[in-house]
Amino acid sequence: MIKKVFELAVAVAILVGGASAASAATAQLHEARLSATGTSAQLTLDVGGTTTQKVFTLDRPRRVVIDLAHTGIAPGFRVPEGSGVVSEIRTGHQLGGTLRIVVQLRAAAAARSTWMPETSSGRHQLIISFGDAAPEADTTPRVVRAPHAPIDSDRDVVVAVDAGHGGQDPGATGPRGTHEKDVVLPIARLLASRINAEPGMRAVLTRNRDEFLVLRDRIKRARVAKADMFISVHADSIANHDVTGASVYILSERGASNESARWLAERENAADLMGGVSLDDKDNTLASVLLDLSQSANISASMTAAQRVLAALDNVGQVRKSQVQQAGFVVLKSPDIPSMLVETAYISNASEELRLKNPRQQANLADAIFAGVRNYFEQNPPAGTRFAQARRSTMASAAATASTPN
Ligand SMILES: [Zn+2]
């Protein structure tokens, strides 16, 4: 839910044309103060927002470089004049939005950086000490969080796994009489257990028995579980029994725009969309713009996730179409849960029918779908999840190693 508000905010920023390079900054340098003697110095940086720092020393001339990731310079900021052991301080922006502060020294001096606790104004102070007494430069990156930044938690990513059909709806039937509803349930269960075995992930099955479910109820169960993703598991059927292979579908734009009208017509259903931003009090135009933004962000997230799953399925066997397909399937119509439908194989093909019944093949399919989904969440972790924490620390250590001193 939090993630959706963020995506929406990004979409709105692009809509109003405000997406300049500076808007990528997550922190601002407000003030820098220097106190120095002939042999030691202390530079204090007042930073608001979220950043990571990297401090390192360079020779000829002697200088200490402080890189602040994704940091801009606040209006009115002034670079302190050099004094004592510090001959000059310069600032400049690096590619990727890193703010570089270069402290030029008259004599060799080790540097050490320390973050002080948050001040009452919500800013953080980074103190860099130079001097004979200071130990080697501390280049351990540390993440500083803005007061309004999403609170770190390690909640699980929730994946709704939907076994297609069930009960009075058998789905497709193979040449040997195998029903789709009976082969997709074990695949869905295997997928759910793979997800549940993975730290940071949790699965919810929309059905766990031979039960008939209205399509809209499948979406509803995913929403109730606050799912971060919805995966519907099916097996395909076609008149030409030679056709084989898996395909992955996401919602088409046309299906989405039809759906937008429907959610608007049922305002009470739409009230829990977009992080609890109610559409009740919005006029029709604004409400439909908000819904469209949410939906197009959702389709693009669904596409990214579906591509990962398709690639993983391609690794274990043949896929029917190498591109993600788009259609107006009802189960894909959640406006804010990335959703995909996986046609695991053609049950209408005699050998694929056998494969679909084979527990080993079922496990292979479940493993492939799982691999694609995990890969997606590693790259696109929802805020507040363990995956988001892991991604942040990966990026912080990448920032610490990839230095281009000047
Ligand atoms: Zn089906």
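Colleague: How many bridges join strand β6 to β7, and which way do they run?
Modeller: 7 bridges join β6 (residues 86-93) to β7, and the two run antiparallel. Strands pair if DSSP finds at least two bridges between them. Strands themselves are DSSP runs (E, at least two residues), numbered from the N terminus. This is a predicted model: local features need pLDDT of at least 70, side-chain atom pairs count only at pLDDT 80 or more, and totals for chains, interfaces and linings use all residues. Residues are numbered from 1 along each chain as its sequence is written, and side-chain values use heavy atoms, with hydrogens and water left out.

Colleague: What do β6 and β7 form?
Modeller: A hairpin, with 5 residues between the strands. Glycine 96 sits in the turn and has a positive phi of about 90°.

Colleague: What joins β7 to β4?
Modeller: 6 bridges, with β4 (residues 63-68) and β7 antiparallel.

Colleague: Which residues go with isoleucine 101?
Modeller: Isoleucine 66 has isoleucine 101 as its bridge partner in β7. Threonine 91 also stands opposite isoleucine 101.

Colleague: Is β7 (residues 99-105) mostly covered or mostly open?
Modeller: Mostly covered: 7 of its 7 residues are buried. Buried means under 20% relative accessible area (1.4 Å probe, protein chains only). One side has Leu99, Ile101, Val103 and Leu105, and the other has Arg100, Val102 and Gln104.

Colleague: New topic. Why does arginine 63 count as buried?
Modeller: Because its relative accessibility is 12%. Arginine 63 lies in β4.

Colleague: What does its side chain reach?
Modeller: The arginine 63 side chain reaches the backbone oxygen of proline 61 at 2.8 Å.

Methods
Buried < 20%, exposed > 50% of the residue type's maximum accessible area, 1.4 Å probe, protein only. Helix = DSSP H or I, 4+ residues; strand = E, 2+ residues; numbered from the N terminus. Polar contact = N/O pair within 3.5 Å; in protein donor to acceptor, adjacent residues only side chain to side chain.
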